[in-house]
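Please open the model in your viewer with the cartoon on and the side chains ready to be shown. The tour below goes from stop to stop, saying at each one what to select and what is found there.

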Amino acid sequence: MKSLRYKIGLGYFVLVMISLITSALAIYNFAELGNSVGRITGETNQSALTAENMVKALEEQEHSQLSSMIDEYFQLPRTIGESELYRSYFNDSRDRFLHWYEESKKRVTFPLQDKVLDSILVTYRAYLQASDSLFQLVQSKKTRLIAQSYQKYIVRPIAQRLRDQCFHLLEVNQEAMAQTETSIKQTTENAALTIIFTSLASIVLSVIASIRFTRTILQPAEKLTESVRRISQGHLNQKIDITTDDEIGELSQEFNKMTERLREYEELNIHQLIAEKKKSEAIVASMPDPVLMTDEEDHLILMNQAAEKMLGISGNDWQGRPLQSLVKDERWLRALSPRDKAQEESSQQELLLSIQQGGAMLYFRPRQTKIIDEHGNVQGVVILLQDVTRFKNLDSMKSEFMATVSHEFRTPLTSINMAIDILSQEVLGKVNFRQRDLLVTIKDDCERLTKMVKELLDFSRLESGKYELKREMVDIKRLVDEALKPLRIQFRDKGVELAADMPEGLPNVPGDRQQLSWVITNLVSNAVRYTSANGKVILKAQRADGGVKISVSDTGRGIPADVQETIFDKFVQVKQPTDATPGSVGLGLAIAKEVVEAHGGKIWVESAVGEGSVFFFTIPQSKTS
């Protein structure tokens, strides 16, 4: 198997070899060029030097002849053997001439040089013969005058012709140097062209090798990418043709195995998915309460028959339609639409939806469950509408019963109070100490019963909507002063500090002064009730969200977190075994909640056990629906 690493290495090896071959050819051409230039230049220069030395040797020979003739002509005195000395000089110069001639013959590079050298040899031989004759004539006294003429008319012309031939040899050498320069130039151009063509061939081969190498690697990868893209689009019947035996070929094999397993997995599970879907649809359809399911864009994708009946929807054209196109009631639409975190916090209170069907009023409590994917994104919302009509009716019956009982209690309680007052005033006779003590106890019990009856009646009227709140502009600072005034004695007696933080510029709010004062009184009374001596209760008011927010904080024992959401329900009391709250049935906070919500505000608590509690409620400047 030829691995991908082998192919990549082979590709780089080919490119490196092409570069090395190109570099080797360039180095070889330049080396040959240098050798040729050096060789030709050296030979040409040496030929020119030999010609010059031959001329110099010829001149020395002529000088020896002339010196010999001058001594004989002027009959200068000379020592024995001096004549032979001139002949010896001549012979030395002759030997040098012949030496340089032989050197010239060794460096013949052109045919013309050889011809010129041959002619020089012929002329030089004639010159030597004439020179021998001249020396013989100079040595004889009888022929001295003849020697002068012989030298002038015979030897000198031969020497001049020989000199001209040597200069002609120089000219031939110069022509050879010019030809050598032309040859060097031609060789340089040939070397440059060779390098250019070699470089172009190297580039072309490199490009071809790169394209082929890239295609060898990229084509299988592109096919693999295209197959993966098709699989991502849901086409699981993809198969890659394996054309290589490298790592990409192995990857293609594993990819084909993967697609085969995916296809088998899809075929195996699709029936199970369909079965599970049918089971879910059957469960939803069999539920008696209405169930709806919307996607992340609030389009309806599932609904059971109870929901269709409740919303009055028929047919199957509802699937995929926006929820607002099927539900026209704004209150229902807000309750059924997917809520964000802020909406969920604002709707923590029990929300009831009502609808008229068949002459009866039905009540539903919506419950939402979000479908979250693995990335934390909301994919849909399941909405369950719990039918609480029966519980609502029972609650109404209970409220009516309590209102009726409370109303019936008022008349006998009034008569009992009047009788106690008559007896206490001794209108019917003297009352002893024990009798007066009993009357005081009965009076206290009647007052507690009267308070409970009043709370029951007030709550019944508020809950039923029969109590009409007054709509007047209320000065918050004045309202707080009036509410706290009757409570200061209670704070002083218990040793609890009461403080009010009322900044200037608080806006007036529309509402029922009496009911709002009752809310403040109830919250402050609860605070002092559950705060021990040397504790502190602070009432604070401030601007908030286009209205006023009032808080009552204490340093009491606090409220457990598991009951903080239920303390505003009716008949709920958070007590410890040692607590004693006579005259209380757990309606104070429930009435406060009804009053605040009737004004368009909301009420809540923040508390921690052992750290105290803070009750908040808001009153907007304009009542919101």
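Helices (H or I, at least four residues) and strands (E, at least two) are taken here as DSSP runs, numbered from the N terminus. The coordinates are those of a predicted model, in which local features need pLDDT of at least 70 and side-chain atom pairs count only at pLDDT 80 or more, while totals for chains, interfaces and linings use all residues. Residues are numbered from 1 along each chain as its sequence is written, and side-chain values use heavy atoms, with hydrogens and water left out.

**The whole chain**

Begin with the protein chain as a whole, whose secondary structure comes to 14 helices and twelve strands. Of its 625 residues, 34% are buried, where buried means under 20% relative accessible area, exposed over 50%, and partly exposed in between (1.4 Å probe, protein chains only). Contact means heavy atoms within 4.5 Å, and among contacts between residues at least 6 apart in sequence, 65% join residues at least 24 apart.

**Helix α14 and its partner α13**

Select residues 588-598, which form helix α14. Eight of its eleven residues are buried, so α14 is largely enclosed by the rest of the structure; the buried set consists of G588, L589, A590, I591, A592, K593, V595 and V596. Following α14 comes G600, whose phi is positive, near 90 degrees.

Axes are lines fitted to C-alpha atoms, for helices over the stretch in contact, and the angles run from 0 to 180 degrees between N-to-C directions. The crossing of α13 and α14 is left-handed, a term for the case in which the near helix is turned anticlockwise from the far one by less than a right angle, right-handed being the clockwise case. Which residues make the contact? From α13 they are Q515, L516, W518, V519, N522, L523 and N526, and from α14 they are G588, L589, I591, A592, V595 and V596. These contact residues divide into nine nonpolar, four polar and no charged, with Ala, Val, Leu, Ile, Met, Phe, Trp, Tyr, Cys and Pro counted as nonpolar, Asp, Glu, Lys and Arg as charged, and the others, Gly among them, as polar.

**Two loop residues**

Select N534, in the loop between α13 and β9 (536-544). N534 has a positive phi of about 70 degrees although it is not a glycine, and N534 is exposed, with a relative accessible area of 75%.

Go on to Q564, in the loop between β10 (547-554) and α14. Is Q564 buried or exposed? Q564 is buried, with a relative accessible area of 16%. A polar atom of its side chain lies 3.2 Å from the backbone oxygen of I559, a polar contact being a pair of N or O atoms within 3.5 Å, of which, within protein, one must be able to donate a hydrogen and the other to accept it, and for which residues adjacent in sequence count only if both atoms are side-chain atoms. Leaving out residues up to four places away in sequence, Q564 touches I559, V605 and S607.

**Helix α11**

Select residues 476-484, helix α11, whose buried residues are I476, L479, V480, A483 and L484. They cover an arc of only 120 degrees around the axis, which puts them on the same side of α11; the arc is that of the directions from the helix axis to the C-beta atoms. An α-helix has 3.6 residues a turn, so residues three or four places apart point the same way. At the start of α11, show D475, a side-chain oxygen of which reaches to within 3.2 Å of the backbone nitrogen of K477.

**Two strand residues**

Select L353 in strand β3 (residues 353-357), where L353 is buried, with a relative accessible area of 0%. Not counting residues up to four places away in sequence, L353 touches R331, W332, A335, L362, Y363, F364, P366 and L385. L353 and W332 are 21 residues apart in sequence and 6.8 Å apart in space, C-alpha to C-alpha.

Finish at D295 in strand β1 (residues 291-295), which is buried, with a relative accessible area of 17%. D295 touches I301, Q379 and G380, residues up to four places away in sequence again being left out.
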